[in-house]
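Please look over the sequence and the model shown here before reading on. The text after them goes from the whole chain to single residues.

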Amino acid sequence: MSWYLALPSAVFAALLLVGGAAALRSGWVVPWQRGQVYRIRLFGWAELAMGGALALQASTALLHDRGADSTVRLIGLGCLLVGVALLIVSQRPSPER
């Protein structure tokens with residue numbers, strides 16, 4: 001992966017990590033998602049998982065070993081899928097509502 005592909009991924013990872021930390025710490029969610037998110041803490045964990053996955057994907061630009069590169073990408077893909085699953089669950093209303 002070249003640096004011009006890794007740089008946007010790293011920037012987006014940083015934004016997701018900051019947003020996830022803000023959601024966990026203070027309950028803040030970006031304004032365009034406030035009406036859709038019902039479980040804010042779960043949403044924060046989802047953003048942290050997806051940000052970590054994108055950071056792993058961007059870090060493969062620094063690796064030169066082919067075996068380690070594919071392993072890191074596979075772990076990043078797993079983290080991304082876990083983050084998407086958490087994101088979907090956080091946007092579903094609870095049965096009490």
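Predicted model: local features only at pLDDT ≥ 70, side-chain atom pairs only at ≥ 80, totals over all residues.

Residues are numbered from 1 along each chain as its sequence is written, and side-chain values use heavy atoms, with hydrogens and water left out.

The protein chain has three helices and zero strands, giving the pattern α-α-α along the sequence. Helices (H or I, at least four residues) and strands (E, at least two) are DSSP runs, numbered from the N terminus. Taken along the principal axes, the C-alpha atoms fill a box of roughly 50 × 20 × 20 Å. The accessible surface of the protein chain is about 6,400 Å², and 69% of it belongs to carbon and sulfur atoms; such areas come from the Shrake-Rupley method with a 1.4 Å probe, and for residues only the protein chains shown count as cover. Of the 97 residues, 30% count as buried, where buried means under 20% relative accessible area, exposed over 50%, and partly exposed in between (1.4 Å probe, protein chains only). Among contacts (heavy atoms within 4.5 Å) between residues at least 6 apart in sequence, 69% join residues at least 24 apart.

Helix H3 covers residues 66-90, 25 residues in total. From its first C-alpha to its last it reaches 36 Å, close to the 36 Å expected at 1.5 Å a residue; the expected span is 1.5 Å times one less than the number of residues. Asp69, Val72, Gly76, Gly83 and Ser90 are buried in H3. The buried residues of H3 pack against helix H2 (40-59).

Glu47 is found in helix H2. Leaving aside neighbours within four places in sequence, Glu47 is in contact with Leu16, Gly19 and Gly20.

Ser9 is found in helix H1 (residues 3-26). Ser9 counts as buried because its relative accessible area is 16%. Its side chain reaches the backbone oxygen of Leu54 at 3.4 Å. Not counting residues up to four places away in sequence, Ser9 touches Leu54 and Ala58.

Conventions: Polar contact = N/O pair within 3.5 Å; in protein donor to acceptor, adjacent residues only side chain to side chain.
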